[in-house]
Amino acid sequence: MSRHTGGSKSTIEHARELARELGRDPNFYEIFRKMHVKKADGQFVDNKSKMIADLVEERVTAASQPVEGSMDLQPIDYDPIYLETIGGQKKQRVYGIGSKGVAFCSSSRASSSSVTAAVDEAVEQRVMETNERIAVMETEMKEKDQQITLLKDEMQQMKEVNNEMKEMKNAMQQQMTNMQSQLAALMQHMGHRVPTEHPPVGQPTTDPPANDEDDDLGLDD
């Protein structure tokens, strides 16, 4: 039987109180320290408790050393280290926390495992839904990109047609300018031509003078 500071509180009450303080389920060693360290001066209730704590701390330090070639500290599971230090579980009892403490930790961890499994399942479902939404969005984006590409091609074709029409318009304007220049030159040329022998309209004609030779031929009446 180990000495402890639990007083009238049961091991389960101490464990629950510690869980509220830590915000998680405590391990065996944390329950052991809570029940074997005096609040007044922080000292252990007896030498055996202090010896167990020192051994646990030494083994935790050794187990947390980085693996060769890595600088990362290894995660520590205190329960097996504590059980190894105190000689294991005997008749469902663990030295320093009793059978009720073991029962509390076991039930809490089972509940935590169930909650963790449910959370993991929910997270996995959310991830699947998110991936599906991402896939749909990627498909929609590809379709929009194709539509944008088609619109750009149509705009480019319209620009090319517009440029061709402008070129045709400029060519037609140039042809009209050339034709106007040719017509003006032709009209100017026709305006400087020598007038014909026909008298202008309205001007009386003059008979040619009589031939004296007719008289000589006796053609007069």
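Start by selecting Tyr29, Phe32, Tyr78 and Tyr82: together they form one aromatic cluster. What you have on screen is a predicted model, where local features need pLDDT of at least 70, side-chain atom pairs count only at pLDDT 80 or more, and totals for chains, interfaces and linings use all residues. Residues are numbered from 1 along each chain as its sequence is written, and side-chain values use heavy atoms, leaving out hydrogens and water.

Next, look at the rings two by two. Rings of Phe, Tyr and Trp (for Trp, its six-membered ring) pair if their centres lie within 6.5 Å; planes under 30 degrees apart count as stacked, over 60 as edge-to-face and the rest as tilted. The structure holds four aromatic pairs. (Helices are DSSP runs of H or I with at least four residues, strands are runs of E with at least two, and both are numbered from the N terminus.)

Tyr29 counts as buried at 4%, while Tyr78 is partly exposed at 26%.

Now switch to Phe32 and Tyr82. This pair is tilted, at 5.5 Å centre to centre with 50° between the planes. Phe32 is in helix H2 and Tyr82 in helix H4, 50 residues apart, and both are buried.

Time to select the two helices, H2 (residues 28-36) and H4 (residues 78-86). They pack at an angle of about 60°, with their axes 7 Å apart. The axes are lines fitted to C-alpha atoms over the stretch in contact, and angles run from 0 to 180 degrees between N-to-C directions. H2 and H4 are therefore oblique to each other; under 35 degrees would be roughly parallel, over 145 roughly antiparallel, 65 to 115 roughly perpendicular, and the rest is oblique.

Which residues meet here? Phe28, Tyr29 and Phe32 in H2 meet Tyr78, Asp79, Tyr82 and Leu83 in H4, where a contact means heavy atoms within 4.5 Å.

Finally, zoom out. The whole protein has six helices and zero strands, and 19% of its 221 residues count as buried.

Key. Buried < 20%, exposed > 50% of the residue type's maximum accessible area, 1.4 Å probe, protein only.
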